Amino acid sequence: MKNIDPNFTKHLPKITLDYLNNGASIKFFFNRYNSIENYFDQIEEKKNNYDNSYRKPLCDVLKSSYNNVKENSFQINAIKRLANENTFTITTGHQLNLFTGPLYFFYKIIDTINICKKLTSKYPQHNFIPVYWMASEDHDFKEIKFFNSNNTLFDWNISTKGTVGDLETQSLTKVFDKLVNCFGTENINSKNLIDLFNKSYIKNKKLSDATFNLVHNLFGKHGLLIINPDNSKLKQIFSKEIIDEIINENCFKNVSHTNKNLKKIGFNPQVNPRHINLFYLKKNKRSRIFKENSIYKVFETNISFTKSQIIDEVNNYPERFSPNVLFRPFFQEKILPNLGYVGGGSEIAYWLQLRSFFDKKNITFPMLIVRNSVLLMSKKNIKKCEKLDLNIPDLFKKTDNLIKSHISKKTDYSIDFTKLKKVISSNFIKLYKAANKTDKSFIGALKAQEVKQLKGLTHLEKRFMKAQKIKHKDEIERIKALKHVLFPNNSLQEREINFSEFYKDYGEDFINILKSNLKPFVNKFIIISL
């Protein structure tokens with residue numbers, strides 16, 4: 001395993017990278033930096049302002065979810081511990097991507113599990129439970145309906161609206177058949193993958209139930225608890241906050257103020273708040289709520305409420321109100337005894353917009369944990385790098401730059417004419433000064449000559465490079481092929497490939513390999529040799 005500095009890989013949004021670097025410019029946008037020592041104060045703060053009366057309904061909802069799940073002993077014990085005031089959670093959230101979607105879903109879950117293990121060792125007087133918060137109320141189907149594996153796109157091609165958690169999975173038989181044809185049944189791991197898809201998606205009627213079973217089958221034995229927040233009991237706990245958001249628009253006020261401050265120091269906010277950061281759920285539709293004059297309306301419907309009517313609606317039917325991307329973190333942190341949130345770079349970027357809102361609501365702002373990023377490399381590909389005299393960090397360069405730097409190493413002379421161009425430009429500056437003192441009519445001719453010489457050097461540079469590319473054609477093709485395998489679609493592997501591509505070769509050991517190599521308190525890009 002090797003680690004690469006994220007300042008080199010540049011795969012994170014600038015604000016998230018500044019957070020990882022513990023930058024002074026953004027210290028007012030988070031509560032505590034994610035170090036294991038800082039959890040002592042985080043525990044004490046959460047202890048003092050978490051309403052422990054929420055534990056019983058929370059445990060009741062979880063028990064109900066796990067009643068019909070096989071091999072649930074870890075979860076039943078965890079729920080019992082969750083009823084105690086010395087038990088806390090570490091949480092990650094994610095969409096209901098088909099068959100978990102890209103690899104980074106695994107990294108978020110495993111980081112969450114590993115953090116709880118570390119905290120249990122450091123603070124044995126407390127219990128720590130890893131939680132996966134299902135984004136079952138999301139309605140962006142396009143983002144979740146596919147996955148890529150074995151150079152094959154598996155696409156759930158249906159038209160739909162409403163929350164994804166309520167989608168019926170019966171139409172996934174075509175995807176299942178394609179999976180069988182792609183992986184076959186001769187390999188035991190492939191058989192297990194096909195069985196996993198079948199048990200999760202074909203044997204369950206709704207996507208939320210399918211995802212619950214899939215994630216439990218993958219990570220249940222590692223102690224993960226799964227919460228589906230689309231639940232009337234959980235939203236009943238939260239109903240006063242829903243009403244406050246509708247009437248007083250505090251999220252909009254606080255986040256808008258934060259966004260102005262972020263812009264002042266050079267950051268573009270990840271998300272812009274709405275005046276009301278809630279959707280209304282009804283008749284297989286999730287539509288945003290907005291206020292027009294004194295009336296509350298539901299976008300693209302005929303549904304409307306007066307102030308008193310919408311308050312009654314929340315009190316009577318809290319399950320009909322769904323938080324958006326900015327209000328969901330508040331819902332989560334309000335009802336859970338949570339200490340930290342594990343997210344990707346873009347997620348952490350919008351969490352950094354929420355600190356002042358949490359302060360306003362007197363809710364402990366969680367530790368923000370940037371999930372591990374990983375590049376999985378076969379030993380064969382590592383040997384290819386060695387033969388090509390490539391350092392693994394070089395692979396993060398754009399392909400053209402990678403080839404250029406590789407060719408430069410292979411030649412006895414520089415084919416980068418940047419220094420020569422600077423010398424020419426420097427000499428012309430002297431000539432311009434001389435022209436100004438003698439005859440300013442020379443300036444036009446000088447400019448034309450400068451452009452001509454620089455253009456000529458650029459042309460020569462390209463010809464030199466072209467000649468070297470022809471000379472090293474075989475190596476260049478091998479570099480391109482390697483880059484394509486490790487960075488498909490010129491993107492990070494973790495954003496493109498599904499876990500099944502590796503599970504078919506390593507089976508359950510794949511999860512164990514990740515568990516032993518991912519380090520949630522080491523802020524590096526991790527290279528794992530398989």
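1. The count of salt bridges comes to 20, a salt bridge being a side-chain nitrogen of Lys or Arg within 4 Å of a carboxyl oxygen of Asp or Glu. The model is predicted: local features need pLDDT of at least 70, side-chain atom pairs count only at pLDDT 80 or more, and totals for chains, interfaces and linings use all residues. Residues are numbered from 1 along each chain as its sequence is written, and side-chain values use heavy atoms, with hydrogens and water left out.

2. Which residue meets glutamate 44 in a salt bridge? The partner is lysine 47, with an N to O distance of 3.3 Å. Glutamate 44 and lysine 47 are three residues apart in helix 3 (residues 39-49), and so are separated by about one helical turn. Helices here are DSSP runs of H or I with at least four residues, strands are DSSP runs of E with at least two, and both are numbered from the N terminus. Glutamate 44 is partly exposed at 30% relative accessibility, and lysine 47 is partly exposed with a relative accessible area of 34%. For these classes, buried means under 20% relative accessible area, exposed means over 50%, and partly exposed lies in between (1.4 Å probe, protein chains only).

3. A salt bridge also joins aspartate 474 to arginine 478, at 3.3 Å from N to O. Both residues belong to helix 21 (residues 473-486), where they stand four residues apart, about one turn of the helix. Aspartate 474 is exposed, its relative accessible area being 52%, whereas arginine 478 is partly exposed at 39%.

4. Arginine 320 and glutamate 313 form a salt bridge with an N to O distance of 2.7 Å. Glutamate 313 is buried, at 11% relative accessible area. In general, side chains of opposite charge can pair when their charged atoms come close.

5. A network of salt bridges links Glu241, Asp244, Lys334 and Lys361. One of these residues, Lys334, is among the buried residues of helix 14, together with Arg328, Pro329, Phe330, Phe331, Gln332, Glu333 and Ile335. Eight of the eight residues of helix 14 (residues 328-335) are buried, so this helix is largely enclosed by the rest of the structure.

6. Asp244, a member of that network, also takes part in the contact between helix 11 and helix 12. The axes of helix 11 (residues 239-248) and helix 12 (residues 250-264) come within 6 Å and cross at roughly 70 degrees. Axes are lines fitted to C-alpha atoms, for helices over the stretch in contact, and angles run from 0 to 180 degrees between N-to-C directions. Helix 11 is therefore roughly perpendicular to helix 12, a class that covers 65 to 115 degrees, with angles under 35 degrees counted as roughly parallel, over 145 as roughly antiparallel and the rest as oblique. Asp244, Glu245 and Asn248 of helix 11 meet Asn250, Cys251 and Lys253 of helix 12, where contact means heavy atoms within 4.5 Å. The residues of this contact divide into one nonpolar, two polar and three charged. Nonpolar covers Ala, Val, Leu, Ile, Met, Phe, Trp, Tyr, Cys and Pro, charged covers Asp, Glu, Lys and Arg, and polar covers the others, Gly among them.

7. An open sheet of five strands has the order 10-9-8-7-11, with antiparallel pairing; two strands pair if DSSP finds at least two bridges between them. Strand 10 (304-305) and strand 11 (321-323) are the edge strands, each pairing on one side only. Four bridges join strand 8 (residues 286-292) to strand 9 (residues 295-298) in the antiparallel sense. Phenylalanine 290 has lysine 297 of strand 9 opposite.

8. A further open sheet has five strands in the order 6-3-2-12-13, paired in parallel. Its edges are strand 6 (225-227) and strand 13 (367-370), each of which pairs on one side only. From one strand to the next the twist averages 30 degrees. Strand 2 (residues 87-94) pairs with strand 12 (residues 338-343) in the parallel sense over four bridges, and the bridge partner of threonine 91 in strand 12 is tyrosine 341.

9. Helix 6 (residues 104-122) lies across strand 2, strand 3 (127-134), strand 12 and strand 13, and runs at about 170 degrees to strand 2. Lysine 118 is found in helix 6 and is partly exposed at 45% relative accessibility. Leaving aside residues up to four places away in sequence, lysine 118 touches Ile36 and Phe521. Lysine 118 and phenylalanine 128 are 10 residues apart in sequence and 9.4 Å apart in space, C-alpha to C-alpha.
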